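Here's a quick tour for anyone opening this one up for the first time. Have a look at the picture, then read on.

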Amino acid sequence: MVAGLNLNEPAADLAAVLALASSFRDRPVPEDLAAVGEVGLTGEIRSVSVLGQRLSEIHRLGFYKCLVPARGVKDIDIPGMQLIPVRNIREALAVLA
């Protein structure tokens, strides 16, 4: 477990990548932004199980924006939360720019 991340949980992959990129660029991740998704070896962002439940919990914890895998997010609506679908790491990092 690193800084609240369970590194055995694939859904934490995207958050870990953003944290590393944030440190490398010396630019913080916005305080209200969360990220959930598995990162594949070619940089693609894969969907994770029970995404709706995860997003509800993320919102309950006070986050209002979340990077999510582009696949499988169409039917999910969390009132008061902006879902930002991304297909790969490049798209995710563009959100931080």
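S1 and S4 run in the parallel sense and are joined by three bridges. Keep in mind that this is a predicted model. That pairing belongs to an open sheet of three strands, in the order S1-S4-S5, and helices H1 and H2 both lie across those strands.

**The sheet**

- At the edges you'll find strand S1 (33–35) and strand S5 (82–86), each of which pairs on one side only.
- Neighbouring strands in this sheet are turned by 25° against each other on average, if you ignore direction.
- How covered is S4? It's mostly covered, with four of its five residues buried.
- As a rule, side chains in a regular strand alternate between the two faces of the sheet.

**Helices across the sheet**

- Helix H1 (residues 13–25) lies across S1, S4 and S5, and runs at about 125° to S1.
- Helix H2 (residues 51–60) also lies across S1, S4 and S5, this time running at about 165° to S4.

**Where H1 meets H3**

- H1 packs against helix H3 (residues 89–96) at an angle of about 50°, and their axes are 11 Å apart.
- Because of that angle, H1 counts as oblique to H3.
- The crossing of H1 past H3 is right-handed.
- Which residues do the meeting? From H1 come Leu14, Val17, Leu18, Ala21 and Arg25, and from H3 come Ile89, Ala92, Leu93 and Leu96.
- Sorted by type, the residues of this contact are eight nonpolar, no polar and one charged.

**A closer look at Arg25**

- Arg25 sits in helix H1, and it's one of the residues that meet H3.
- Is Arg25 buried, partly exposed or exposed? With a relative accessible area of 37%, Arg25 is partly exposed.
- Setting aside neighbours within four places in sequence, Arg25 is in contact with Leu93, Leu96 and Ala97.
- Leu67 is 42 residues from Arg25 along the chain, and the C-alpha atoms of the two are separated by 19 Å.

- Asp26 has a positive phi of about 60°, although it isn't a glycine.
- You'll find Asp26 in the loop between H1 and S1.
- Why does Asp26 count as exposed? Its relative accessibility is 68%, and anything over 50% counts as exposed.
- Val50 isn't a glycine either, and its phi is also positive, near 45°.
- Where is Val50? Val50 is in the loop between strand S3 (45–46) and H2.
- With a relative accessible area of 48%, Val50 is partly exposed.

Notes
Residues numbered from 1 in each chain as written. Predicted model: local features only at pLDDT ≥ 70, side-chain atom pairs only at ≥ 80, totals over all residues. Heavy atoms only, no water. Pairing = 2+ DSSP bridges. Helix = DSSP H or I, 4+ residues; strand = E, 2+ residues; numbered from the N terminus. Axes fitted to C-alpha atoms, helices over the stretch in contact; angles between N-to-C directions. Contact = heavy atoms within 4.5 Å. Parallel < 35°, antiparallel > 145°, perpendicular 65-115°, else oblique. Left-handed = near helix turned anticlockwise from the far one by under 90°. Nonpolar A, V, L, I, M, F, W, Y, C, P; charged D, E, K, R; others polar. Buried < 20%, exposed > 50% of the residue type's maximum accessible area, 1.4 Å probe, protein only.
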